[in-house]
Amino acid sequence: MISPILLFNSCAEKKKRHTTDATNGDKIVGSAQAIIPFFEHWNLILGDGSNVGQATNFEHKDFFYTASDKQGEWVVFKTPNAGNTHGTSNNTRTELAQLKKWSPMTDAKMNATLKVMNVSSTGDARVASTHSVVVGQIHSADGHENEPLKIFYKKFPGHTKGSVFWNYEINTAGDDNSKRWDYSYPIWGYDMSVVGADENTYPPEPVDGIALGEQFSYEVEIKDGMMYLKFTSEGHETKTFTKNLISSEYAKRSDIPKQTQQLFFPIGQDGVERDSAYTKEGLFFKLGTYNQTNGKDPKVNKVWCSGAETHGGDIQKQYADGNYAEVWFKTASIEISENAYSNAGYFEANDGLSKKTVYPHEVIPFMDKFKILLGNGTTVDDLTEFEHKDFFYTAIDGTRRWVVYKTPNLGVTSKNSSNTRTELHEKREWTPEQGGKLTGTCKVMQVSTSGDARVAASYSVVVGQIHSGEGHENEPLKIFYKKFPGHTKGSVFWNYEINTAGDDNSGRWDFSTAVWGHDMSVVGTDKNDNPVEPSDGIELGEEFSFEINVYDGIMYLTFKSDGHETRKFVKNLVASEYVNKSDLPEQTKKLFVPIGRDGTERPTAYKGELGYFKQGAYNQTNGKSPETNKVWSAGAETYGGDIAKQYANGSYAEVWFREATVGTGTPPE
């Protein structure tokens, strides 16, 4: 019985839809407006990112159409795991967005009866949003444009029943919205925080869950600043909830729930909410299919980046093997106050935004103080409105935008180095006595997966430096991240390179100090034998921050990362501790003396020498033979310098920065 009806709808899709017969006003079977007569109140956003306006006389065979079954006629909203999206989101949607917005102090109401027909069949079970879809929302059109309500359906592969839950997203205090978070409430089944133990291990199936194809209804009512929610489904307990939208319960850090601490703190989202929550903001309803499963790498964000199959954005391939979300709506309605007003500003700000280039200088506005050397050897002096898709660009991780620095194991680099870099170079030069300060909040997304475990520099990248511009042009500071293949956690350490006494710089060496994990001297016993994984290390995709403060000749270093001990270090840059051969540390004797590096340092170290900061991705893994140098020659795969092949096979370094500042040194606290 079903197949002929669906075939009828498929054939009818080739004809232009309309809502009523011109002669007698009867509803035409298959018209979305005929099934749910309210589309004049909305704009429709499709899974290709386009805003098609009011869908009163519209269909699209890939995203928005009608279907019939034994239960009646339905409006279908369908969207893939990857396509073009709307605004700044990582996720595709075929979703209605209300044409008017309203104050939480006025009356507003939305009802819907629906059934979820599909959620993505692939994704990482550890990621909270994987295998889920949002079927209804309240969205703010103002301020941070956060979402006081999202209604989710989520079902793990192999389970018959899924969960329905709703999330409240805080309206973050202050101008920085990067620390926003959701609190999740279970309706039937679990809340959002219940995830798998590993990529393909799922929690137990919920006993009271909702199956794919099973109807449920929701009612959202706003009155005098309060949100009232009601959820019903035959055979399930009716659930009701109340939430205050104009007075926050999360205005202090001590108010942050344990669920949030477990789910969002590890990704750096630990903000507090404005006391007045969403007061004075224009809110609007959304309804449809907002797919929460995407192809972004989970190491970017373990709440919102699913690692699902996307077939390179090919929609038909995604639809063919279950990599999409599909929701059918049987009934829906909205009621809003006469005081509701135009929401045009929201659409003007967000239409086409996903295709708009956001330049690195728009994310970190100090780019005018730097030039950059890219991984292909190109130097660019003016970084205003500059990006390069292979090396230097911006990306969104699900919560905020970052500047991406990416460079292969082999490309073209500076005259004195064997290693490629996509790295900022400060234009201002200063002496240690004059001082300077550089800060950065970053996460390393990739280090080379090939190399030689015996070589100290293998599998590492430098994310920040002080470089001398005079004399030997040595480096009083390099901040490293290093992770061996097969390990989950890597090490952060910093190196001091001596300013070698005399004119011969061939005896120079570094001393390495561990921040979290190992220092540079911890290496493998043979090419493929890795040392023990550090217990206190930093994972790929895990944020950490550093501050380099040089004041009156002294370098003060501070390193911070949530869940890790804050580490501080002090180093004198104008008086050496390595003037005599007897001063050489045991680490240096072990690591550098075997390769002929046994020099001593000038008594005044870097005093009086002009230097500058560097920041980005300075790849320390190269293709040089380890037999020539067991500290710096990594023996990694380089594919003859083919950058695309190196990127495709993990032979590169990639570092993301979300915040950074540069300026003069300041007195230490």
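Arg 400, Glu 543, Arg 658 and Glu 659 are tied together in a network of salt bridges, where a salt bridge means a side-chain nitrogen of Lys or Arg within 4 Å of a carboxyl oxygen of Asp or Glu. In total, the structure holds 34 salt bridges. Keep in mind that this is a predicted model, where local features need pLDDT of at least 70 and side-chain atom pairs count only at pLDDT 80 or more, while totals for chains, interfaces and linings use all residues. Residues are numbered from 1 along each chain as its sequence is written, and side-chain values use heavy atoms, with hydrogens and water left out.

**The sheet**

- Seen strand by strand, β20-β21-β33-β23-β29-β30-β31 is the order of an open sheet of 7 strands with antiparallel pairing. Strands here are DSSP runs (E, at least two residues), numbered from the N terminus, and two of them pair if DSSP finds at least two bridges between them.
- At the edges sit β20 (392-396) and β31 (567-572), each of which pairs on one side only.
- From one strand to the next, the twist averages 30°, with axes taken as lines fitted to C-alpha atoms and angles running from 0 to 180 degrees between N-to-C directions.
- Strand β23 (residues 436-446) runs antiparallel to strand β29 (residues 544-551), and 7 bridges join them. Thr 439 stands opposite Glu 547 in β29.

**Two other salt bridges**

- Glu 497 and Arg 508 form a salt bridge, their closest N and O atoms being 3.4 Å apart. Glu 497 lies in strand β26 (residues 489-497) and Arg 508 in the loop between β26 and β27 (510-516), 11 residues apart.
- Glu 497 counts as buried because its relative accessibility is 7%. Arg 508 has 25%, so that residue counts as partly exposed.
- Arg 602 and Glu 609 meet through their side chains in a salt bridge (3.0 Å, N to O).
- With 24% relative accessibility, Arg 602 counts as partly exposed, whereas Glu 609 is buried at a relative accessible area of 8%.

Definitions and conventions
Helices (H or I, at least four residues) and strands (E, at least two) are DSSP runs, numbered from the N terminus. Buried means under 20% relative accessible area, exposed over 50%, partly exposed in between (1.4 Å probe, protein chains only).
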